[in-house]
Amino acid sequence: MFGQELLNPGVRRREVLGWSMYDFANSGYTTVVLTAVYNAYFVAEVAKGQASATLLWTVLIAVSSLIVMVTMPGLGAWADAHGAKKRLLAFCTAGCVLTTAALAFLGASALWWAAAAVVFSNVFYSYGESVIAAFLPELARRDALGRVSGWGWAFGYLGGMLSLGLCLAYVLQAQARGQAATEFVPVTMWITAGVYLLAALPTFVLLRERADPCSIRRAARMGSGLAELLASWRRASAYPDFLRLLACGTSYQAGIAVVIALAAVYADQALGFTQTQTMALVFLVNIASAVGAFAFGYYEDRIGHQPALAFTLVGWMLMTVLAFVATSAWLFWVAALIAGLCMGSSQSCGRALAGALAPHDRLAEFFGLWTFATRLAAIIGPLTYGAVTALTAGNHRLAILSTGMFFVLGWVLLKRVDMTRGMARALV
C-alpha cells in the first residue's frame, strides 16, 4: 500500500483504505452505465435507434451536469460549514444506487422515465465524486497528494473492472441462452447498483469527518443554489491560479467526458463492435487506467503535478488521432489502451492539483467548483460530439477528431497556472 509518512498527522492507513473504497464503489457506475453498456443500449433500444438518439443521450448528460454545476458549490459550502461531508456522501450514495437500479425497469415504453433516471443517477454520482475528493487533502501530505490520489483512482478502476466483469459474465451466459439485450441489460443495472452499495459501506465505517463546523461556520443555512454558486465564485476570485486550473480542467475534461460517455457508441457506430466486444474493450481500458493511475502517481509527485498533467494531455492528443484514422479493430484497441493509461493518470492528477491549490478550510466548497468545471466539461464535450454527428449525417470519425481540440486547449491553459504562487496562496 503506502507508508504512514505519506499521511497527515492523526490519519490512519485504514482511513485511506475506506476513502479508496468509495472510488472502488462508484467506478462501476461510470464503467457500466455511462461507458460500456447502458449508453449504447439507451441509443439502440430505449430510444429505438432514432437519428437523434445519440444527441438525446448527450443532452441527458448535459442536463445532469448543469444541475450539478448550479448546486454542488452550494452543497459543498454547506457541508464545510456543518462538518457534514459524510452525511452528504451517504445521501448521494443512496440516490445513485436507487436510480441506477431503477434503470432496470425502464425500457422503450418508458423512454422519458428512463431519461429522468439517467439524469438523476448521474447527478447523485457527480455529487458523491466531488464530496469524496474533498477528503483527499485532509488525508495526504501536500507532497504526497499525487501518490495517494493515484492509489485511490487505481483502486477505483479495480472496482469498475469488478462490476464490468460480473456484468460481462452474466451477459455471456444470457447470450448463450439466446436472450436479447432487453433481457440481460436490465440485470446489469442491478449488479452495478449492488456492487456500489456494498463496496461503499467500508467508507462510512472507516473514514472520519475532520471538518470543525464551529471554526468554519459561515452560513447557518443555505441560500438558493444560484446565490451560493455566485458567492463561491466570489470567494474563489482570491485564488487566481485555482481559477486558471478550473479553465484548464474544463477543457481537457470535456475530451475525457466524450470518451466516457460515447466510447461505446463510437465503437458500435464507426467500427461495428458487438456488445461483448465493447465490454471487453472497456475492461481493457479499466486495466490500463488502474496501471496508469497507480504508477503515474509516484512519477507525478517526483516531477510535479503540472508537468505530469501536461504529459498525459499529449497522450490524449495521440489517442484521438489514432481513433480517427482507425479502420480496423486492432488500431482502435491501441487507441483505447492509450486512452486507459491517460484516463487514470490525468483524472488522478487533476484531483491532486485541485487539492494542492484549494484552501484547506473550504475543501468541499472548492472541490464543488472543481466539480462545476468537470460538469461543464461534461456538457460541452458530449454535446459537441453529438452536434458534429448531427451536422455531418452521423460522421463519428469527425466527431472524435474534434474532441482532440479540447486536449490541445487544456495543454495551452495549463501553462498559465503558477503552482508555487497558487500553493502558497492556499495556505494563507
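Which residues do ring pairs link into a cluster? In this predicted model, the cluster consists of Tyr 38, Tyr 41, Phe 42 and Trp 57, joined through ring pairs.

Aromatic pairing is also found elsewhere. With ring centres required to lie within 6.5 Å, the count comes to 13 aromatic pairs. Phe 124 and Tyr 127 illustrate the geometry: their ring centres are 6.5 Å apart and their planes stand at 75 degrees, so this pair is edge-to-face, given that planes over 60 degrees apart fall into that class. Both residues belong to helix 5 (residues 111–133), where they are three residues apart, about one turn of the helix. Phe 124 has 15% relative accessibility and therefore counts as buried; Tyr 127, at 8%, likewise counts as buried, the cut-off being under 20%.

Rings also meet charged groups. The charged end of Lys 85 is placed over the ring of Phe 135, at 4.8 Å from its centre. Arg 425 lies over the face of Tyr 239, 4.5 Å from the ring centre.

The interior may be considered next. In soluble globular proteins, nonpolar side chains tend to be buried together. Here the largest nonpolar core holds 137 residues, and those touching the most other members are Trp 19, Tyr 38, Phe 42, Phe 242 and Trp 316. Helix 14 (residues 329–357) supplies the largest share of this core, 14 residues. Leaving aside residues up to four places away in sequence, Trp 19 touches several residues, including Ile 132, Phe 135, Leu 139, Leu 207 and Arg 351.

Terms used. Residues are numbered from 1 along each chain as its sequence is written. This is a predicted model: local features need pLDDT of at least 70, side-chain atom pairs count only at pLDDT 80 or more; totals for chains, interfaces and linings use all residues. Side-chain values use heavy atoms; hydrogens and water are left out. Rings of Phe, Tyr and Trp (its six-membered ring) pair if their centres lie within 6.5 Å; planes under 30 degrees apart count as stacked, over 60 as edge-to-face and the rest as tilted. Helices (H or I, at least four residues) and strands (E, at least two) are DSSP runs, numbered from the N terminus. Buried means under 20% relative accessible area, exposed over 50%, partly exposed in between (1.4 Å probe, protein chains only). A charge sits over a ring if NZ of Lys or CZ of Arg is within 6 Å of the ring centre and within 35 degrees of the ring normal. A nonpolar core is a set of buried Ala, Val, Leu, Ile, Met, Phe, Trp, Tyr and Cys residues joined through side-chain atoms within 4.5 Å. Contact means heavy atoms within 4.5 Å.
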